[in-house]
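Subject: Structure handover

Hello,

Here is the structure I promised to pass on. Please open it first, then read my notes below.

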Amino acid sequence: MKIATTIARSLLGLIFVVFGSNMFFHFIQMAPPPEGAARDFMTALFVSHYLYVVGALQVVGGLLLFTGRWTPLGLTLVGPVIMNIVCFHALMAPAGLPMAIVVSLLALFLLWRYREHFSGLVKNAPGISDLPSQAIATGNATVNS
């Protein structure tokens with residue numbers, strides 16, 4: 001399972017480093033988006049320079065995944081990007097959906113393998129009644145809660 005994790009982590013990191021770098025250096029020719037909402041959406045991202053933010057998140061997150069040192073942080077950075085890619089292809093440009101699903105499956109596998117790092121997000125926090133009672137100092141007097 002460790003080999004599969006290393007392969008998935010390296011592959012996902014490489015995908016994000018290459019395609020994130022492409023947003024800055026344009027070394028891969030991209031086909032124009034289809035007419036309609038997809039073209040309008042991509043035009044808005046390009047004109048507002050928001051694609052540079054997405055590209056930076058992809059490169060940094062991909063490098064963190066590829067190196068393996070801070071994989072949970074890399075997953076945290078590329079997670080929203082993956083969700084946006086899947087939604088874009090599912091709703092506006094279905095031709096790229098198979099690749100988006102492959103990337104999502106790689107990320108979900110890594111999320112499962114590093115689940116102990118994200119366990120605090122789903123654990124129940126102690127309620128107020130579960131906390132130990134303690135004295136609270138209030139200026140002149142001490143009040144027990």
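Buried residues make up 28% of the 145 residues in the protein. Please keep in mind that this is a predicted model. There are 5 helices and 2 strands. Along the sequence they run α-α-α-α-α-β-β. Take the contacts between residues at least 6 apart in sequence: 63% of them join residues at least 24 apart.

**Helix α1**

Start with α1. It has 24 residues, which should span 34 Å at 1.5 Å a residue; the end C-alpha atoms are 34 Å apart, so the two values agree. Its buried residues are Thr5, Ala8, Arg9, Leu12, Gly13, Ile15, Phe16, Val17, Gly20, Ser21 and Asn22. Their cover includes α3, α4 and α5.

Three of these residues deserve a look of their own.

Thr5 sits in α1. Its relative accessible area is 7%, and buried means under 20%, so Thr5 counts as buried. What does the side chain of Thr5 make a polar contact with? The partner is the side chain of Arg113, at 2.7 Å. Setting aside neighbours within four places in sequence, Thr5 touches Phe109, Leu110, Arg113 and Tyr114.

Leu12 comes next. Again leaving out neighbours within four places in sequence, Leu12 is in contact with Leu65, Leu75, Val103, Leu106, Ala107 and Leu110.

Asn22 is also in helix α1. Its relative accessibility is 5%, so Asn22 is buried too, given the cut-off of under 20%. Beyond its neighbours within four places in sequence, Asn22 contacts Phe27, Ile28 and Met30.

**Helix α3**

Now move to α3, residues 50-67. This helix has 18 residues. From first C-alpha to last it reaches 26 Å, close to the 26 Å expected at 1.5 Å a residue. Which residues of α3 are buried? They are Leu51, Val54, Gly55, Gln58, Val59, Gly61, Gly62, Leu64 and Leu65. These buried residues pack against α1 (2-25), α2 (37-47), α4 (71-91) and α5 (97-113).

**The nonpolar core**

In soluble globular proteins, nonpolar side chains tend to be buried together. Here, the largest nonpolar core has 16 residues. Those with the most contacts inside it are Leu12, Phe16, Leu65, Leu75, Ile82, Val103 and Leu110. Helices α1, α3, α4 and α5 each supply at least two residues of this core. Leu12 and Phe16 are also on the list of buried residues of α1, and Leu65 is on the list for α3.

**The largest pocket**

The largest pocket has a volume of about 1,400 Å³. It is lined by 45 residues. Which of them are the closest to its centre? They are Met23, Met30, Met42, Phe88 and His89. The elements that give two or more residues to the lining are α1, α2, α3, α4 and α5. The most comes from α4, with 9 residues. Met30, one of the residues closest to the pocket centre, is also a contact of Asn22.

**Positive phi values**

Most residues other than glycine have a negative phi.

His26 follows α1. Its phi is positive, near 50 degrees. It lies in the loop between α1 and α2. Is His26 buried or exposed? Its relative accessible area is 51%, and the cut-off for exposed is over 50%, so His26 is exposed.

His49 also has a positive phi, near 65 degrees. Its place is in the loop between α2 and α3. His49 has a relative accessibility of 47%, which falls between the 20% and 50% cut-offs, so His49 counts as partly exposed.

Just after α3, Gly68 takes a positive phi of about 80 degrees.

**Where to begin**

For a first pass, I would take the sites in this order:

- The polar contact between the side chains of Thr5 and Arg113.
- Leu12 and its contacts, including Leu65 and Leu110.
- The pocket centre, with Met23, Met30, Met42, Phe88 and His89 the closest lining residues.
- The loop residues His26 and His49.

Best wishes

How values were computed
Residues numbered from 1 in each chain as written. Predicted model: local features only at pLDDT ≥ 70, side-chain atom pairs only at ≥ 80, totals over all residues. Heavy atoms only, no water. Helix = DSSP H or I, 4+ residues; strand = E, 2+ residues; numbered from the N terminus. Expected span 1.5 Å × (residues − 1). Buried < 20%, exposed > 50% of the residue type's maximum accessible area, 1.4 Å probe, protein only. Contact = heavy atoms within 4.5 Å. Polar contact = N/O pair within 3.5 Å; in protein donor to acceptor, adjacent residues only side chain to side chain. Core = buried A, V, L, I, M, F, W, Y, C linked by side-chain atoms within 4.5 Å. 1 Å grid on protein atoms, 1.4 Å probe; cavity = no way out; pocket = protein on both sides within 12 Å on 5 of 7 lines; lining within 4 Å. Points joined across faces, edges and corners; volume = space filled by probe spheres on them.
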